[in-house]
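Subject: Structure for you to look at

Hi,

Here is the structure I said I would pass on.

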Amino acid sequence: MTATTDTIKPPSTRLTPGEWVRKRLFNNWYNSLLTLVLGGVIAYTLVAVVRGLFTFDYKILQDNLKLFIVGGFPGDQLWRPWVSGYLIALAIGLAAGAAYGSARERAAQAGMYFRTTGLRDILRRFWPFLMALVVILALTRTPLPGLLTAGLLIVGYGAYMGGRILPKGARRWSGLLVVLLIIGAYMALVSFGGVPYSAWGGLHLNVFLTVAGIAFAFPLGLLLALGRRSTLPVIRWLSVTYIEVVRGIPLIAVLLFAYFAIGFLLPSDFRPSVVTRMLIAITMFEGAYVAEVVRGGLAAVPRGQREAAHALGLPTWKTVRFIILPQALRATIPAMVGQFISLWKDTTLVAILGVLDFLRVAFAVNTQSEFLGRGLFMLTLSFAALIFWVGSYTMSREARRLEKRLGVGER
Amino acid sequence: MLRVVVQLAALGVTALILYVLWFNLTNNMRAAGLPTDFGALDQPLGVDIPGSSIRPGAPVWRGILVGIKNTLALVVVGIPVLTVLGVVIGIGRLSTNWLVAKVCTLYVEIIRNLPPLLLIYFMFNAVFLQLPPLQESITAGGWLVINNRFVAVTAFTHREQYMMFWWVVAAAVVVGIIVAIVRTRRWHATGEPHHRVLWFLGIVIGVAIVAWLLLDRPIGLSRPVLEGRVVTGGFMGFSAYFAVLIALAMYTASHVAEITRGSILAVPKGQTEAANSLALTTFQRLRYVTLPQAMRIAVPPIISQYLNFTKNTSLATAVGYAELTRITFQAIGNGRPAPQLVFVLAMAYLAFSLFISLVVNILNRRLQYVT
């Protein structure tokens, strides 16, 4: 069984810098040409971007920073978003920490290796997010937002470290605590003379529409997905019709419908605000897409599971509740994050109907008399692009990580 | 028994909900003094559509037809552009050239994660509107006219007898196809190389050149010329059209690139190794082994990206390009009843989507391996 000769090491695959340049950039005539042309284009673009960064007039962003972040939120009420932000930081930190703790415990029980996450891993995963924070804070004129944000990060990290060491009994209650914290964050904004969500705007509104949209669309999508797989033909056909019709229509048409026509469908004394109508449209639209995501998860549950539950004499609803859904929903998590990202990008569409969301603000500040006709769209839209990119990119990387960890697609 | 009851109950509840909505709709519309039938489609549109013959007095349905035409103008030009761009970038990500692979990755990771509406605003407001004004148009030696209102490019024009020319070319295409089929049969029978693509192209191009000369040049080039505030000749499109076209093609191409890359990676490694051990050249390996198998995987998702592209053309509303959604929006703004118009809008997109799904289903069936 042992090697009888001295093992010969495989040839080194590491290239010296000279070899690397020859092999990876100039290995034949067309690659050399491509390298030179692309190199020139990149150099030119870089010079233009750097020059732009140094010559832009950032006053338009500095003056309107509040409008970008929270829209028309009254200036004397700004403590509310901060309180809400601290509560959400607590909730996210606690949830992430508790999830980490339970994963570690399960790995220990199974005797498996568990890779500990340190501050460096967090930085590597969330660097775009931190970069966006730095850019936003660089545009502030007073040190207060910077200090408050630093406090926010410290509180979040503290909650995370606290969540990690929670004992098992306390962890069970942490889910409830997280929900309470999120409700508290919402109440901090609207209750006791606060600002109702229909008057929110800016980045804040995009985040709200995304989270609320998915939260409302999820139950609808779940029902539609179960309906689509039902053995009752009427229920199946109703679900299929809804899903296919909605998926065949662009979101903007659904928003137009909600904006102009939904008032006609409701009793005449009930007139929801514009943001409510947008939220209804987003829920109706996303429900169909969530249904398809959940259907994918349901299809991933092996047939034998249902048959085994049947053989044990479980009634249908118990089979679904305790056997099918837990496995199906676990398999849908990455695809749900994907849906979350696409909604995050799609919330900008409310701008077309005049709702003052982040993109609309980036567009509208250019019509302020001081900045009118100065061609600052490049700057304001780049700022919006940065923030939207950070959100989608971070989430898509996390989705890929989850996909690997859950082993979806590796069956 | 229980099953029947549950289904009847579901039907009943759905019917009840629809009835309540319908009841509210008709009541509210009557109270607002709006018509409840589709007669509104004959009422005047109330807006002027630039680049068409529609003036404010024209009926709504004619405006909607122009809107559909303008939507199709985006789709027909956009789909080839985004396909080529996406496939090139997708293959580029797998290039052995480090710089090419990194640039393509960077492109995909940036563009894919931006909202398409933001890209459209960016292209229109930060790029096209910053071009020089009409009086200082860029003309590029008479081949182009570019300014912040429109872009005009050199285009083909038809002279006398052009219909004759197209008939001749169509006949040549038919002959070419027949020759290609004959060549294929012969290849099957004798193993002689078929060269069917060369035969086909040779016949079509040869006939076209001869016909073009004999019919005294029925198709010519027309260069755009700026005279005062209008341009004559060439093909003219408003900045909004080009901005939307470029922005959406870039966005959809980033998704097509990911599909292309994934499909090529999904071809089993053994296929490449087998091709290499048969001493095929790189081109032969891609042409006969890797790409045909990757295509099978890539075609259905790419077509669903075409569908997304078509639905996203509705975002052109934001920059004032007169496509279907924009015109519906304007008609509603001019007091035409919203429920009917939104219904027509939804049905137009739905018809297109269902047509595409039909194509995908047929393709899926044809592309499956016969085992």
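Predicted model: local features only at pLDDT ≥ 70, side-chain atom pairs only at ≥ 80, totals over all residues.

**Chain A overall**

Chain A has 16 helices and 0 strands. Its C-alpha trace spans about 85 × 70 × 50 Å along the principal axes. Of the 411 residues in chain A, 32% are buried. If you take the contacts in chain A with a separation of 6 or more, 78% of them come from residues 24 or more positions apart.

**A spot in chain A: Ala159**

Is A:Ala159 buried or exposed? It has 22 C-beta neighbours inside 10 Å, and the cut-off for buried is 20 or more, so A:Ala159 counts as buried. Leaving out residues up to four places away in sequence, A:Ala159 touches A:Ala89, A:Leu90, A:Gly93, A:Leu94 and A:Gly97. There is also A:Ile92, which sits 67 residues from A:Ala159 along the chain, with 8.2 Å between the two C-alpha atoms.

**Where the chains meet**

The contact between the chains takes 45 residues from chain A and 48 residues from chain B. On the chain B side, six elements each supply at least two residues: helix H1 (2–31), helix H3 (98–111), helix H4 (116–127), helix H9 (282–312), helix H10 (324–333) and helix H11 (338–367). Which of these gives the most? That is H1(B), with 12 residues. Sorted by class, the side of chain B that touches chain A has 31 nonpolar, 14 polar and 3 charged residues.

From H2(A), the residues involved are A:Leu34, A:Thr35, A:Leu38 and A:Gly39, and they meet B:Leu99, B:Val100 and B:Val103 in H3(B). By class, this contact of H2(A) with H3(B) comes to 5 nonpolar, 2 polar and no charged residues.

**Nonpolar cores**

The largest nonpolar core holds 141 residues, and the members that touch the most others in it are A:Leu255, B:Leu118, B:Ile120 and B:Val244. H7(B) provides the largest share of this core, 16 residues. To see one of these members in its surroundings, go to B:Val244: beyond its neighbours within four places in sequence, B:Val244 is in contact with B:Leu74, B:Ile120, B:Thr313, B:Ala316, B:Val319 and B:Tyr321. A second, separate core has 15 residues, including A:Ala91, A:Leu94, A:Leu181 and A:Leu189.

**The sheet in chain B**

Chain B has an open sheet of 3 strands in the order E1-E2-E7, with antiparallel pairing. Strands E1 (144–146) and E7 (235–238) of chain B are at the edges with a single partner strand each, so one side of each has no neighbour in the sheet. From one strand to the next the twist averages 10 degrees.

Working through the pairs, E1(B) and E2(B) are joined in the antiparallel sense by 3 bridges. These two strands form a hairpin, with 3 residues between them. B:Leu144 has B:Val153 in E2(B) as its bridge partner. On to the next pair: strand E2 of chain B (residues 150–153) runs antiparallel to E7(B), and 4 bridges join them. Here B:Val153 is partnered by B:Phe235 in E7(B), while B:Ala152 stands opposite B:Met236.

Across E2 and E7 of chain B lies helix H7 of chain B (residues 239–266), running at about 80 degrees to E7(B).

**A last residue**

Take a look at B:Ala279 as well, in the loop between helix H8 (269–277) and H9 of chain B. B:Ala279 is not a glycine, yet it has a positive phi of about 60 degrees. B:Ala279 is exposed, with 8 other C-beta atoms within 10 Å.

Cheers

Technical notes. Residues numbered from 1 in each chain as written. Chains lettered and ligands numbered in written order. Pairing = 2+ DSSP bridges. Axes fitted to C-alpha atoms, helices over the stretch in contact; angles between N-to-C directions. Contact = placed C-beta atoms within 7 Å. Nonpolar A, V, L, I, M, F, W, Y, C, P; charged D, E, K, R; others polar. Core = buried A, V, L, I, M, F, W, Y, C linked by C-beta atoms within 7 Å. Buried ≥ 20, exposed ≤ 12 C-beta atoms within 10 Å, placed from the backbone.
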